[in-house]
Amino acid sequence: MRYAVFIISTCFALIGAPLAADKQVVLQVTGQIDGAPAQFTICDLRAMPATTIETSTVVTDGVHSFTGVLLRDFLDQMGATGDVISATALNDYTVDIPRSDAENFDVIVGYSMNDMKLERADKGPLWIVYPRDGHRELQDIRYDYRWVWQLSELEVK
């Protein structure tokens, strides 16, 4: 008896080619990193070690499961040397995030919520997510402003 095993990557369709949307650059990283600027697709991010956190947000109902790349690991991988990360959304909203946030908490660059790819209509394709339910100090409006949805650029300063 023969068995066939089909493994479908999160970045590949059944025909074995990357999904068109997943090949598009979704994140640019500039500033104090090795080889700046750097560009990333969803496939690039999904190829990195993933972390899942469960937390509530101030803009959604209930607790959700978010999966993405730990911001601290992402910065370390690029040789980032700055102490501030300026995060910019598709609508040009920009906020400075102290690098210490990434060092002290499991902040992620999230690409899925509840095992579903984040779409633009759902705050995607990328969302800076803090583990707010696990840390009382994160349940403060100062941190809420740092949850950048529709993230498109990080500048390390």
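This is a predicted model: local features need pLDDT of at least 70, side-chain atom pairs count only at pLDDT 80 or more; totals for chains, interfaces and linings use all residues.
Asp144 belongs to helix 4, whereas Arg132 sits in the loop between strand 9 (127–129) and helix 4, so the pair ties together parts that are twelve residues apart in sequence. Asp144 counts as buried at 18% relative accessibility, and Arg132 is buried as well, with a relative accessible area of 11%.

Seven salt bridges are found across the whole structure. Another of them links Arg146 with Asp101, whose closest N and O atoms are 2.7 Å apart. Here Arg146 lies in the loop between helix 4 (141–144) and strand 10 (151–156) and Asp101 in helix 3, so parts 45 residues apart in sequence are tied together. Both Arg146 and Asp101 are buried.

Helix 3 (residues 99–104) also holds Glu103 and Arg99, four residues apart, or about one turn of the helix. These two form a salt bridge with closest N and O atoms 3.5 Å apart. Arg99 is buried, with a relative accessible area of 11%, while Glu103 is partly exposed at 40%.

Turning to the strands, five of them make up an open sheet with mixed pairing, in the order 2-1-10-5-6. Strand 2 (38–41) and strand 6 (94–98) stand at the edges with a single partner strand each, so one side of each is left without a neighbour in the sheet. On average, neighbouring strands of this sheet are turned by 20° against each other, direction ignored. Strand 5 (residues 84–89) runs antiparallel to strand 6 and is joined to strand 6 by five bridges; Val84 has Pro98 in strand 6 as its bridge partner.

Key
Residues are numbered from 1 along each chain as its sequence is written. Side-chain values use heavy atoms; hydrogens and water are left out. Two strands pair if DSSP finds at least two bridges between them. Helices (H or I, at least four residues) and strands (E, at least two) are DSSP runs, numbered from the N terminus. Axes are lines fitted to C-alpha atoms, for helices over the stretch in contact, and angles run from 0 to 180 degrees between N-to-C directions. A salt bridge is a side-chain nitrogen of Lys or Arg within 4 Å of a carboxyl oxygen of Asp or Glu. Buried means under 20% relative accessible area, exposed over 50%, partly exposed in between (1.4 Å probe, protein chains only).
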